[in-house]
Amino acid sequence: MIRSSKLRQSLDWPTVFIYFLMVGLGWLNVYAAVYSPDNVINIFSWDINSGKQLAWIGTSVILIIVVLVIDYKAYDSLAYIIYGAMILLLLATLILANPIKGSRSWLELGAVRLQPAEFAKFATALAVSKFLSSVNLRQQNWQDHAKLVALTLLPPFIILLQNETGSALVFGAFLLAYFREGMSPLILIVGTVAVALFISTLLFPKLYLVIVITVGLGLWLWANQRILMRKWPLILMIYGASIGMIFSVDFFVNNVLQEHQQNRIKALISPEADPRGFGWNVTQSKIAIGSGGFMGKGFLEGTQTKFDFVPEQSTDFIFCTIGEEHGWVGSVIVIGLFVLLLTRIVKIAERQKSVFGRTYGYCVASIIFFHFLVNIGMTIGLAPVVGIPLPFFSYGGSSLWSFTTLLFILLALDANRKQDLTR
């Protein structure tokens, strides 16, 4: 009873409030996405996604209680065990799952379907936080770096074997948390430049890019001649890698990527090239959001979403419903809620007394930020359609359970931070 009272007093209630507000708004928009004026079904009906989502919300409340009741030290001491169990579950999914849209990523338990890849995110966050709490990232040797890379990349490697590219890409978000713990910013810079160069190669002539890079590098070296004298082998390697990447992108896209992955890139670069084919999702999504105008058409008044112009409108493209029915104002409110939530999470992470708690907090922020950025980006044509949900808004039990567990483990650690004075 005393522990329960202390937990209620120390719990970060503003974050809890934001969570339930987002989940509630998500539930209403799931109903709006599946609502049909010609066949009105009660929002609580199990026959539609909103009724099922309400059940997932109810079970999430139970999950929250369980996460908070468990001794917070267990998340640190059992981190590797939870991670190992999740790896086994991912491997089992490869064998036991039935193919759904070409992907073997769903386990069916009667009427319930769960996607283990969603739960692998918080399991990996726990494991890497445990590892980084035992070493100094600034002073690691190559063996420690190799262990961290292995911990991070093993889950997405198995997920890729399940043909679930979007879920695998999320694990790249962990780099942001590693950067906070002392990882060289060069890795982030190189990664960002590589992505920009990849996209630029698809948009502009190769010769033009080679000239721009060569001239730009030459001007920079002319202004920093001392760096050239000391770092010329590294500079030459980076220059060669950049030129090599420019001339290898086409081969990678056309010969390595599968057809549906190629189409996602084509839809990002030029959706109007095939508006009824690979560009359909993005084109209809932008039409739906744009049609909402400033104030939106009103709750349950959307037309693009009601008549199934936008595929996966209650899951991956739930933001289309928000944009169409609530317009620019509603979209800004939702984006503002995510910014507020992420700000709270970072604040919570920074006040942790342990490296484990702080690292885990940044892992939570990085994962949610990646989902938020890519999901909204793909609905407005600024990111490829990779099939990842909008946290707390998209329909789906696996997604909601995963993000709920991810967030409330952090809140449990935060509520007990004063008891952990190790750094």
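Reader: Which residues are linked in a network of salt bridges?

Author: Some ground rules first: this is a predicted model, where local features need pLDDT of at least 70 and side-chain atom pairs count only at pLDDT 80 or more, while totals for chains, interfaces and linings use all residues. Residues are numbered from 1 along each chain as its sequence is written, and side-chain values use heavy atoms, with hydrogens and water left out. A salt bridge here is a side-chain nitrogen of Lys or Arg within 4 Å of a carboxyl oxygen of Asp or Glu. The network joined by such bridges consists of Asp12, Arg344, Arg351, Asp414 and Arg417.

Reader: Are Asp414 and Arg417 buried or exposed?

Author: These two side chains meet in a salt bridge, at 3.1 Å from N to O. Buried means under 20% relative accessible area, exposed means over 50%, and partly exposed is in between (1.4 Å probe, protein chains only). By that scale, Asp414 and Arg417 are both buried.

Reader: How many salt bridges does the count come to?

Author: The N-to-O rule picks up pairs such as Glu350 and Arg180, whose side chains meet at 2.8 Å. That pair links distant parts of the chain, with Glu350 in helix 16 (residues 318-350) and Arg180 in helix 9 (residues 174-180), 170 residues apart. Helices are DSSP runs (H or I, at least four residues), numbered from the N terminus. By the salt-bridge rule, the count comes to 9.

Reader: Why does Glu324 count as buried?

Author: Glu324 has a salt bridge to Lys297 at 2.9 Å, N to O. Glu324 sits in helix 16 and Lys297 in the loop between helix 15 (280-291) and helix 16, 27 residues apart. Lys297 has a relative accessible area of 31%, so it is partly exposed. Glu324 counts as buried because its relative accessibility is 0%.

Reader: Which residues have the most contacts inside the largest nonpolar core?

Author: A nonpolar core is a set of buried Ala, Val, Leu, Ile, Met, Phe, Trp, Tyr and Cys residues joined through side-chain atoms within 4.5 Å. The largest such core has 100 residues. Those with the most contacts inside it are Tyr360, Ile368, Phe392, Leu406 and Phe408.

Reader: What does Tyr360 touch, not counting residues up to four places away in sequence?

Author: Contact means heavy atoms within 4.5 Å. With close sequence neighbours set aside in that way, the list for Tyr360 is Phe122, Ala125, Leu126, Ser129, Thr405, Leu406, Ile409, Leu410 and Leu413.

Reader: What is the phi of Phe392 near?

Author: Phe392 is in the loop between helix 17 (355-379) and helix 18 (397-415). With a relative accessible area of 3%, Phe392 is buried. Its phi is positive, in a residue other than glycine, and lies near 70°.

Reader: And where is Asn163 found?

Author: Asn163 also has a positive phi in a residue other than glycine, near 65°. At 22% relative accessibility, Asn163 counts as partly exposed. Its place is the loop between helix 7 (142-161) and helix 8 (165-169).

Reader: Which helix gives the largest share of the nonpolar patch?

Author: Patches are made of residues with over 30% relative accessible area and no salt bridge, with like charges joined within 9 Å and nonpolar side chains (Val, Leu, Ile, Met, Phe, Trp, Tyr) within 5 Å. This one covers about 540 Å² and is made by Val195, Ile199, Leu203, Phe204, Tyr208 and Val212, with areas from the Shrake-Rupley method and a 1.4 Å probe, where for residues only the protein chains shown count as cover. Helix 10 (185-203) and helix 11 (206-223) each supply at least two of its residues. The largest share, 3 residues, comes from helix 10.

Reader: Which helices do the buried residues of helix 15 pack against?

Author: Helix 15 has 12 residues and reaches 16 Å from its first C-alpha to its last, close to the expected 16 Å (1.5 Å times one less than its number of residues). Its buried residues include Val282, Gln284 and Ile289. They pack against helix 14 (259-269), helix 16 and helix 17.
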